[in-house]
Amino acid sequence: MSLNPRLRDWQGQHVWLIGAGHGIGAALARQLRAAGAMLALSGRSEDALRAVAGDDAHCLVLPLDVTREQDWQQACGQLLQRWPRIDLVVMLAGDYRAVRAWQLTPQLARQMVEVNLLGVMYGTAAVMPTLLRQRHGSIALVASVAGWGGMPNALVYGATKAAVNHFAQSLFLDLRPHGIGVHVVNPGFVDTRLTAQNDFAMPALISPEQAASAMLAGLARGDFDIHFPRRFSLLLKLASHLPYRLYFWLAHKVTGL
């Protein structure tokens with residue numbers, strides 16, 4: 001059963017994309033605009049957001065820093081002055097650094113936790129009164145398959161994405177009785193600025209456009225857990241259920257780390 005059947009038709013839907021200046025967010029904005037959605041684009045770089053918006057006069061540009069609670073409140077207030085409702089909020093903003101145990105510093109930990117986890121919580125808190133008042137709409141949180149099990153290089157990043165998965169599950173349980181859809185998106189490797197720093201082979205690497213298409217397909221189906229590419233993510237989901245001794249052996253074998 002679809003959590004929100006209206007997500008099958010994007011014409012006239014009011015969609016707020018956070019993290020829309022680059023990568024998957026920018027690709028998602030292009031595809032949603034082509035499908036007739038009304039967009040609001042947020043992220044740190046106003047220049048990048050305006051480049052994505054192009055000459056679309058109906059596309060709102062609302063720069064914000066996801067780690068600043070006041071930015072969320074201000075952007076949400078501006079949005080509600082222009083829009084009659086919010087149909088979908090997609091939180092794509094994220095930070096990634098490859099970190100091994102001996103590279104861990106408080107600064108790295110704080111930076112990724114603030115962007116990847118606290119930013120999601122601040123944003124959810126900001127839009128929740130509106131969604132509850134509407135008794136309508138959906139929220140999609142972008143996590144990662146790295147959150148399904150411990151991996152080398154993902155010491156902090158994977159932990160934040162595991163927390164986002166947990167957060168999304170609790171949101172689902174709380175919000176479904178109120179008519180609000182919740183989705184968690186778990187991509188594999190996507191060719192973005194963040195993954196460009198990786199110095200290892202990334203299996204089943206896909207483009208931001210492919211990732212955006214997979215997200216929209218999952219939303220149209222009403223999936224809670226949207227993960228892709230399936231040829232890679234299904235294997236990781238299976239591996240996450242293995243006994244730890246076997247899982248740890250497999251992780252070292254596959255990554256070579």
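1. The side chains of strand S1 are divided between two directions: His14, Trp16 and Ile18 point one way, Val15 and Leu17 point the other way, and all are buried. In a regular strand, side chains alternate between the two faces of the sheet. Please bear in mind that this is a predicted model.

2. Why is S1 largely enclosed by the rest of the structure? Five of the five residues in this strand, which spans residues 14-18, are buried, that is, under 20% relative accessible area, and therefore S1 is largely enclosed.

3. S1 runs parallel to strand S2 (residues 38-42), and five bridges join the two. Within S2, methionine 38 is the bridge partner of histidine 14. Between S1 and S2 the chain passes through helix H1 (residues 23-34), and this β-α-β crossover is right-handed.

4. S1 also pairs with strand S4 (residues 88-91), in the parallel sense and over four bridges. Here tryptophan 16 has valine 89 of S4 as its bridge partner.

5. A separate matter is the second largest pocket, whose volume is about 270 Å³. Its lining comprises 17 residues, and those nearest the centre are Gly150, Met151, Pro152, Asn153 and Leu155. Helix H5 (157-175) and helix H8 (244-255) are the elements that give two or more residues to this lining. H8 gives the most, with three residues.

6. What is the make-up of that lining by class? The second largest pocket is lined by 11 nonpolar, five polar and one charged residues.

Terms used
Residues are numbered from 1 along each chain as its sequence is written. This is a predicted model: local features need pLDDT of at least 70, side-chain atom pairs count only at pLDDT 80 or more; totals for chains, interfaces and linings use all residues. Side-chain values use heavy atoms; hydrogens and water are left out. On a 1 Å grid over the protein atoms alone, a cavity is a set of points where a 1.4 Å probe fits but cannot get out, and a pocket is an open set with protein on both sides within 12 Å along at least five of seven lines; lining residues have an atom within 4 Å of a point. Grid points are joined across faces, edges and corners, and a volume is the space filled by probe spheres set on the points. Ala, Val, Leu, Ile, Met, Phe, Trp, Tyr, Cys and Pro count as nonpolar, Asp, Glu, Lys and Arg as charged, and the others, Gly among them, as polar. Buried means under 20% relative accessible area, exposed over 50%, partly exposed in between (1.4 Å probe, protein chains only). Two strands pair if DSSP finds at least two bridges between them. A crossover is right-handed if, with the strands pointing away from the viewer, the path from the first strand over the helix to the second runs clockwise.
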